[in-house]
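Please read the following account with the sequence and the model side by side.

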Amino acid sequence: FSATLDPSSNDYVSALALQADGRLLAGGRFAQVNGGVERRLLARFEADGSVDAGFRAAAYAALDPWQTGVKLIALQADGKMVVVRDSYSVAPNGSWAGMDTMLRLLGDGGTDTGFPQRWFWWTADALAPGAHGEILVGGSFGGIDTGTSAHPHLAWLSPGGADISDSVKLPVPDDAVLAIVAEPDGWVIGGAFSHLDGAART
């Protein structure tokens, strides 16, 4: 396996995800890979390191890698992928804010239009898919699509992208969730928090 970024015009890779078929997804702040093949923010490589010509993330094709980059990738059992990028963006209320945005992509890199783009006000730092298509997201965010929420730092999204944190009675951490590991019967989370729902957890 051999793959490269163009050091003259690109920055770094910050997320990797290995598919079951041996192909590798790489996300970060870059515009070209393997000696000049244009792939902005997200690329997929064959098992030998060559660029997968059939995969193009059109949602990122016009973005500037000096201003934004892919930071999290989570593969789902149906072949789709949930991707989070960082940026300074125009918030839903029209103001400028630092936030992370989430999309779901199809197997060929096309945008899954059945999954709404979600904004995390300040950062999303951990991502894990569930066995039934649900998605657990952790970070230092105060809310989804808004600056504050009853469920800061940890959110549960339905397979369709809806925030169902309230209905599943998700616990509320008092500080950032920075890591999530999926297990057969749930998730293990870690981070800067010391309490969940007011009870001590370190």
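R118 is found in strand β9, residues 118-121; strands here are DSSP runs of E with at least two residues, and helices are runs of H or I with at least four, numbered from the N terminus. The model is predicted, so local features need pLDDT of at least 70 and side-chain atom pairs count only at pLDDT 80 or more, while totals for chains, interfaces and linings use all residues. Residues are numbered from 1 along each chain as its sequence is written, and side-chain values use heavy atoms, with hydrogens and water left out.

Is R118 buried or exposed? R118 has a relative accessible area of 11% and is therefore buried; buried means under 20% relative accessible area, exposed over 50%, and partly exposed in between, with a 1.4 Å probe and protein chains only. Not counting residues up to four places away in sequence, R118 touches D100, T101, M102, I144, D145, L157, G161, A162 and D163, where contact means heavy atoms within 4.5 Å.

M102 and L157 also belong to the largest nonpolar core, which has 15 residues; M102, F120, L127, I135, V137 and L157 are those with the most contacts inside it. Such a core is a set of buried Ala, Val, Leu, Ile, Met, Phe, Trp, Tyr and Cys residues joined through side-chain atoms within 4.5 Å. At least two residues of this core come from each of β6 (69-75), β7 (81-90), β10 (124-129), β11 (135-139) and β13 (154-157). Apart from this core lies another, of 14 residues, among them A57, I73, V83 and L103. In soluble globular proteins, nonpolar side chains tend to be buried together.

Leaving aside neighbours within four places in sequence, V137 is in contact with M102, F120, A124, A126, L127, H153, L154, A155, L157 and I180. One of these, L127, is also the bridge partner of V137 in β11. β10 and β11 pair in the antiparallel sense over 5 bridges; two strands pair if DSSP finds at least two bridges between them. These strands are part of an open sheet of 3 strands in the order β10-β11-β13, with antiparallel pairing. β10 and β13 are the edge strands, each pairing on one side only. From one strand to the next, the twist averages 20 degrees; axes are lines fitted to C-alpha atoms, for helices over the stretch in contact, and angles run from 0 to 180 degrees between N-to-C directions.

Another open sheet of 3 strands has the order β1-β2-β5, again with antiparallel pairing. Its edge strands are β1 (12-18) and β5 (42-45), and its twist averages 25 degrees from one strand to the next. β1 is joined to β2 (residues 24-29) by 6 bridges. Across this pair, L16 has A26 as its bridge partner, and A15 stands opposite G27. The hairpin of β1 and β2 has 5 residues between the strands, and there G22 takes a positive phi near 95 degrees.

The count of aromatic pairs comes to 2. W156 and W187 form one that is edge-to-face, 5.0 Å centre to centre with 90 degrees between the planes. Rings of Phe, Tyr and Trp (its six-membered ring) pair if their centres lie within 6.5 Å; planes under 30 degrees apart count as stacked, over 60 as edge-to-face and the rest as tilted. The pair links distant parts of the chain, with W156 in β13 and W187 in β15 (residues 186-191), 31 residues apart. W156 counts as buried because its relative accessibility is 19%, whereas W187, at 23%, counts as partly exposed.
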